[in-house]
Amino acid sequence: MTAHPTRLTAFPAFFRVDSAAVLIVGGGEEALNKARLIAETTAQVRIVVPEGETPEPDLVQFVLDGGYHLRTGILQDNDFTNVKLAFVATGDAAQDAKIADEIRARHIPVNVVDRPHLCDFFTPALVAHAPVTVAIGTEGAGPVLAQKLRREIGAALSPQTGALAQLAADYREKVESTLPKGATRRLFWDVFFNGAVAQAVERGDLHLARELADQALTEVNIPSGYVWLVGAGPGAEDLLTLRAQRVLMQADVILYDALVPESVVAMGRRDAVCIPVGKRKGCHSKSQDEINQLLVELAQDGQRVVRLKSGDPLVFGRAGEEMAALRAAGISFEIVPGITSAIAAAADMQLPLTLRGVASSLIFTTGHDMAGDILPDWARLALSGATIAVYMGASVAASVAHRLLTAGLHEDTAIAVVENAGRTERVMLHGLLKDLAQLESHNELQGPVMVIIGDAVAGASLEGARPFAQQLISTPELHILQAGEKEKA
């Protein structure tokens with residue numbers, strides 16, 4: 001089976017080595033490096049230098065200084081007593097493979113230095129502030145990248161990180177016996193790690209830090225419910241705002257739309273309850289009234305709730321109805337803006353939504369509104385030079401095109417169409433208004449579609465975009481590009 005390009009081929013984990021031994025076979029520099037690494041733990045360092053190999057002086061001195069066990073010769077039964085894992089670093093490929101097989105036969109995981117095909121596990125780059133350890137593995141990317149990340153992460157962590165983690169470990173049992181599980185306990189730890197306790201540890205005043213932690217234990221109150229209406233942006237994780245990511249990590253419950261990818265939902269707390277409430281055309285898992293009621297009930301129960309919406313909550317996200325329900329129930333809430341799809345689509349095509357002397361206004365509308373009589377002035381605005389960004393316009397493209405042309409907009413007005421704006425799997429099309437009616441026949445466009453119309457669109461980059469009249473016909477086995485009626489398969 002071919003490895004999936006976005007999935008790990010190695011599962012990151014930590015070995016418990018306290019009161020156990022780690023076996024290192026070899027007598028050179030690599031063996032010394034592994035011995036130094038293991039010496040940072042509470043494991044017993046056990047070194048065997050193969051027969052016929054002379055241990056390097058630095059390795060001998062390391063053993064003498066640390067009082068570690070070293071002997072020369074072939075592996076013996078007692079070398080494996082209480083061994084949890086082993087490293088092989090003889091430098092000889094054939095000998096490495098033979099020794100690795102011997103160790104593996106005893107059901108001990110083995111790492112063969114610089115021979116990944118012989119390894120049961122890999123050694124990550126470490127950032128250690130005991131009892132906190134950050135392990136960085138890059139699989140096939142190599143040790144240079146791992147060390148670069150190690151330096152960057154190490155610089156971002158306070159030297160007092162370990163002291164703060166140890167203090168938290170000291171208080172864990174007391175917190176669990178004093179505070180109820182759930183929001184109250186999480187509130188205490190939020191104060192602990194982000195407030196005066198952490199600041200006292202940072203200054204090196206552990207006595208004050210303990211006093212403040214004791215005070216927080218007695219003063220923390222059951223929090224009242226709170227709701228964040230959060231814009232998830234167009235769906236790419238790295239287009240989520242920092243504030244959105246922060247509140248996702250605070251939420252007890254996440255209610256998310258159908259267009260929000262699982263990868264974005266997964267950026268919330270691991271123990272958060274995630275509830276899909278999405279509405280797609282012809283398929284509503286919950287009505288808007290049910291969503292409003294659920295938000296109110298969860299908040300009244302003291303939960304911290306994120307209502308995660310595709311794009312921006314205030315742009316065709318029905319946030320107005322949810323805000324009204326929350327206000328009526330007396331529940332506090334906050335709006336966390338997101339990148340709306342029109343902005344993401346324009347960025348994908350390097351398209352200026354406004355352009356001096358060409359387009360000085362911008363209309364956000366939906367295809368259904370444009371096809372009906374809800375916005376009677378949209379055509380006049382289009383004629384005045386406004387750029388029109390049409391959300392969910394694929395199914396009514398012919399009607400929209402007809403109304404714009406009837407209103408007098410020139411048939412050669414530039415248009416851009418972007419499916420899955422802002423994501424790596426986006427599809428970009430370019431053409432003219434007279435082509436827009438063909439959008440309904442582009443059956444390969446299954447994701448959310450954004451249509452942008454106006455003279456400013458002529459300034460877009462066409463790199464990576466295909467002509468609008470060119471369709472991608474999908475079959476179970478192949479994709480065929482179809483350009484106009486003459487090339488139909």
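Patches are groups of residues with over 30% relative accessible area and no salt bridge, in which like charges are joined within 9 Å and nonpolar side chains (Val, Leu, Ile, Met, Phe, Trp, Tyr) within 5 Å. The model is predicted: local features need pLDDT of at least 70, side-chain atom pairs count only at pLDDT 80 or more, and totals for chains, interfaces and linings use all residues. Residues are numbered from 1 along each chain as its sequence is written, and side-chain values use heavy atoms, with hydrogens and water left out.

**Figure 1. A surface patch of negative charge that includes Glu30 and Asp114.** The members are Glu29, Glu30, Glu56, Asp58 and Asp114. Lys and Arg count as positive, Asp and Glu as negative, and His and the chain ends are not counted; a charge is placed at NZ of Lys, CZ of Arg, CG of Asp or CD of Glu. A salt bridge is a side-chain nitrogen of Lys or Arg within 4 Å of a carboxyl oxygen of Asp or Glu. Glu30 belongs to helix H1 (residues 29-38); helices (H or I, at least four residues) and strands (E, at least two) are DSSP runs, numbered from the N terminus. Its relative accessible area of 33% makes Glu30 partly exposed, where buried means under 20%, exposed over 50% and partly exposed in between (1.4 Å probe, protein chains only).

**Figure 2. Asp114, with a positive phi.** Asp114 sits in the loop between strand S5 (110-112) and strand S6 (125-129). Its phi is near 65°. Most residues other than glycine have a negative phi. Asp114 counts as exposed because its relative accessibility is 67%.

**Figure 3. Asp79 and Asn82 in the loop between S3 and S4.** The loop runs between strand S3 (69-72) and strand S4 (83-88). Asp79 is buried, at a relative accessible area of 2%, and its side chain makes a polar contact of 2.4 Å with that of Arg71. A polar contact is a pair of N or O atoms within 3.5 Å; within protein, one must be able to donate a hydrogen and the other to accept it, and residues adjacent in sequence count only if both atoms are side-chain atoms. Asn82, not a glycine, has a positive phi of about 60°, and at 43% relative accessibility Asn82 is partly exposed.

**Figure 4. A nonpolar surface patch that includes Phe316.** Phe316, Ile343, Leu362, Phe364 and Met392 together have about 430 Å² of accessible area, computed by the Shrake-Rupley method with a 1.4 Å probe; for residues, only the protein chains shown count as cover. Phe316 lies in the loop between strand S13 (304-309) and helix H12 (319-328).
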